[in-house]
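Here are my notes on the model you sent over. Have a look at it first, then read through the points below.

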Amino acid sequence: MALSGMRGLSVFISDIRNCQNKEQERLRVDKELGNIRTRFKNEKGLSPYEKKKYVWKMLYIYMLGYDVDFGHTETVSLISAPKYPEKQVGYIVTSCILNENHDFLRMVINTVRNDIIGRNETFQCLALTMVGNIGGREFAESLAPDVQKLLISSSCRPLVRKKAALCLLRLYRKNPDVVNIEGWSDRMTQLLDERDFGVLTSVMSLFVALVSNNTDAYWNCLPKCVKILERLTRNQDIPQEYTYYGIPSPWLQVKTMRALQYFPAIEDPNIRRSLFEVLQRILMGTDVVKNVNKNNASHAVLFEALALVMHLDAEKEMMSQCVALLGKFIAVREPNIRYLGLENMSRMLLVIDVQDIIKRHQAQIVTSLKDPDISIRRRALDLLYGMCDVSNAKDIVEELLQYLSTAEFAMREELALKAAILAEKFAPDLSWYVDVILQLIDKAGDFVSDDIWYRVVQFVTNNEDLQPYAAAKAREYLDKPALHETMVKVSAYLLGEYSHLLIRRPGCSPKEIFAIINEKLATVSTATIPILLSTFAKILMHSQPADPELQDQIWLIFRKYESYIDVEIQQRAVEYFALSKKGAALMDILAEMPKFPERQSSLLKKAEDTEIDTAEQSAIKIRAQQQTSNALVVTDQPPPTNGTAPTGVGQLALVKIPNQNVDSASPDHSITPENGVISKSVSEAPASDLLVDLLGPLAIEGPPAPAVSGEQTSFPGLNATPSPVDALALAILSDQSTGVQPIGNIDERFHALCLKDSGVLYEDPYIQIGVKAEWRGHHGRLVLFLGNKNTASLSSVKALILPPAHLKMELSLVPDTIPPRAQVQCPLVVMNLHASRDVGALDLSYKFEATLVNVKLRLPAVLNKFLQPIQMTAEEFFPQWKALAGPPLKLQEVVRGVKPMLLPEMADLFASLRFAVTPGLDVNPNNLVATTSFYSETTHAVLCLVRVETDPTDRTQLRLTVASGDPTLTFELKELIKDHMVGLPMAPPVPAPLLPQPQPQPQPPSVAVASDDPGAILAGLL
Amino acid sequence: MIRAVIVMSTEGKSRLARFYDYQPPEKQQELIRRLYGVLSSRPEGVSNFAQVEAIFGPDTRMVYKHYATLYFVFVFDSSENELAMLDLIQVFVETLDKCFKNVCELDIVFNFNKMHSILDEIVFGGQVLETSSDEVLKAVEEITRLEKSASSGGPLPKSVVGRLSR
């Protein structure tokens, strides 16, 4: 055993070790600190050796966890000591105990700089190490240039240069604005040629930092990186000391592959090929061996290679090979490899093509849920969660439920949450969803957060079909002994609302329901009592005229709680008692809860929040984020106006908003002041209170404003003449109801669909309309996909087609209702009569809850859809071109303000407009000739010829010549092409006056044919 | 980036703690305590990974190795490769072994200052500095020579040696 070489230090450490308990240790430490403090006070008598010894002791004490609030000056001053041992202590201890903003650091900045620029390499190393470990801003400002010089100096030893590289990296990471890296891309290419592996490893780390900030500047380094990787994997010329368990520096291999993951794509086919060869070699040449260290090293490289393959979007074959490898790994004996196999499979899920292959390993992954290692179980859970979709949700959720009973407590909450989220996201049917959540509450009630049971209540409330089923289930659970309190809450709530739907079933009469819930009343907590009271009030309401016996029992309970200490319970008891004496009025006030406004599930939101990872910006991460935002039920509701963040909670009130009829129609007006008092208490309640109990002080408050819209029918009682106050309230509400914002730009979506045949035409928080089209000759068939994004139905769906004069359009029947999350397909048949650029429109309206949404959308049945490209040879083309001589059959125009395009881009544009572009037909390489044929019922096929002459010195202008045998077609086609060349014509947001109106169209002078099409006004939109 | 390198005994006493993002001393102690809670609950023969995001914050990972009475722990973020970090622990330990000739916990306890010098040759400002234990050894030997040439601590009294061997 070696000793520190400082007697006093060794003695002190030994004393500490001999302490029997923490108290003795503290006494010994205090004594030592006192001693050091006294010695430091009288600094003159202190030898450098003693100083060094005391500073080490301080660091030791600091490591033991004691606060060392003195001696910093002495520590820092050692940095300026002339001799190595003192200087070393000063540097090491300073970097351990001071942070970058410590004032004392300023005192030594000059000394540090002198050490860095001085000739003593050992001093350079010490100084660089401290600066690198602390990385303060002032260091960066004054030292970065000197550190850069050391890195590129040819006279420095590798020992110094590798530290300079990492020191620079640290300064740059912490203060990117201070470190000047201009012109570093050329320098990096040189540095990547470094022969010394120690320096090269550090340089590669620096390179990763630089390239992660600005990929574009470092493209020139890409081939170097691939070369380094090739050399390493081929084991060419690798020094022995950098071979680790037979593997050429795994760290350098890993870092190099990390660097390559920052380049968005590798275009150069040669580099790409060599890189894939290397990757293939790594993937195929790695086996699981006996030696653990060798295994770790070879698999470090292998897993990094997998990450790179994923990043590069390799061919499906290679991806499948990767999944196969991972499938092998998750079943091996070596736990580290099992762990990483599962983790990487989760990452692999982001690659669309291979998800099905991953699903084949589901059984093995489920087995990993029983692994002895909790780290592996967690990975397996993450993977199952990630791979779950509609096809396997039932299996996976059931596995999770099963696992829930045996899982350790540390995992149960996460497990319960994940199961609930998956059940919500992928429920094949809603009754299954209810089953799952009730099972969850039953098995792990303690771990089921309130969000989960609020959500199931929302679902049931919003889906009438589900209500009897959920109530029956709740009733079944109540028969179980030892019920979790959350189960009591949810059962009581559901039975309060819906038990009247079960009335004919055995054990479900109001009396029986009351009796079984009343059994629980004695044992539940204060938070649950209000829910039970509401349930009783509702039971009473549903059994009107009340069974006198039942009524007495319930009144007895209300009376009992009238003087209860908890204000909430007391208030409810008093109110319900008074209300239940009102007879018919009770019916109105306690009527069934209205549907909840559709909103993003707080659970799904939670899930998304935890998935957002800001760490890396690699392509894979970004893709991942895009994916999570696609959750089916996510709706882009405007933020809630009442200011409580998780509004799901506050809106679960039990009692519906009282309608004005109560006041006006009820002969007994005494309710009015009561009501007033209550609503006052509501408005005074702090927002956070809403979270405490879902009933909160909301006894007489309905869902807040966004739930309601201008549609009066949502208030069954509001048919009385509204008072001025009511009118005002309604005006505000209808203002809010216009807030249905389309998602994405409608114009852009339309223009995209003009050039392709499938895509999204429209989307808002409730509905998504997709289009898929097929065209043949002058016929077309569009299918509109109307998708309900919500968990409640869309009703009163109406679709009306407004065709322009030149198109015959026929829409098949659109169903009146779109069920929750369903998609309906509505074929639309189109026939083209003659050439025109007018467009048809779809007038769609639907009702969601009480919100009536009406949109008018242009349909992408446009002129160019009736074109069919024709390839022509020069012999065919020129006679035709000459035959169509001059206006009105051949029109020519100089177009200015063209969106600059290179010829290949322009050729692409013509191709998507359904023209055939024939290169070489025009001898001038700056020109382009395109040919197609146009189909309509009146003209059948008409040949169309187009020539574009571009000016390479000014791409914003060109000369366009269009020729065809039909003058209208020639003109319309020319205008169409112009529109597409000049760029997206930005029409005003979807116009209200979309209905075709006859109106003269301004005619360009070159055209003889006047367009008197009644739909001509629409042309302006295109 | 490597956030921290921690060596602690299987009883939870820290033997070396290096945080590359400054943490105040109380926080360091808390982190080490909670880390020990995770490590001590892990049985033998499982993987070398455990989740520490609850302790060290988002985007942190941890690998550890258990040697006799010591845990060697590296905490780092997703920019590092887990297995490469595990390899680096191995390099660290192999270097200690060469330095101290069959290293044991006592070597580490009494030479905690030297541990810092060795670690500084392997990890620098949270980045991998050197991966060849031969190269590290060369650098450390040079430091030891410099320390000795400038001063000497004098021989240990017998009483101390006797107490140390407990």
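**Notes on the sheet and the interface**

1. Let's start with a helix on a sheet in chain A: helix H38 (residues 746-755) of chain A lies across E3 and E4 of chain A, and runs at about 160° to E3(A). Keep in mind that this is a predicted model.

2. The sheet itself is open and has five strands, ordered E3-E4-E5-E8-E7 in chain A, with antiparallel pairing. Strand E3 (758-763) and strand E7 (807-811) of chain A are at the edges with a single partner strand each, so one side of each has no neighbour in the sheet. From one strand to the next, the twist averages 25°.

3. Zooming in on one pair: strand E4 (residues 767-776) and strand E5 (residues 779-788) of chain A are joined in the antiparallel sense over 10 bridges.

4. Now the interface. On the chain B side 75 residues are in contact with 85 residues of chain A. The area buried between the two chains is about 7,000 Å², and carbon and sulfur atoms give 55% of that. In chain B, B:Phe110, B:Phe112 and B:Phe124 lose the most area to chain A, together 10% of what that side buries.

5. What about charges and polar pairs? The rule finds seven salt bridges across the interface of chain B and chain A. One of them links A:Asp373 and B:Arg42, with the closest N and O atoms 2.8 Å apart.

6. Which helix of chain B gives the most to the side that touches chain A? That is helix H3 (residues 82-100), with 10 residues. By class, this side of chain B has 31 nonpolar, 23 polar and 21 charged residues.

Methods:
Residues are numbered from 1 along each chain as its sequence is written. Chains are lettered from A and ligands numbered from 1 in the order in which they are written. This is a predicted model: local features need pLDDT of at least 70, side-chain atom pairs count only at pLDDT 80 or more; totals for chains, interfaces and linings use all residues. Side-chain values use heavy atoms; hydrogens and water are left out. Contact means heavy atoms within 4.5 Å. Buried area is the accessible area (1.4 Å probe) that two parts lose on being put together, summed over both. A salt bridge is a side-chain nitrogen of Lys or Arg within 4 Å of a carboxyl oxygen of Asp or Glu. Helices (H or I, at least four residues) and strands (E, at least two) are DSSP runs, numbered from the N terminus. Ala, Val, Leu, Ile, Met, Phe, Trp, Tyr, Cys and Pro count as nonpolar, Asp, Glu, Lys and Arg as charged, and the others, Gly among them, as polar. Two strands pair if DSSP finds at least two bridges between them. Axes are lines fitted to C-alpha atoms, for helices over the stretch in contact, and angles run from 0 to 180 degrees between N-to-C directions.
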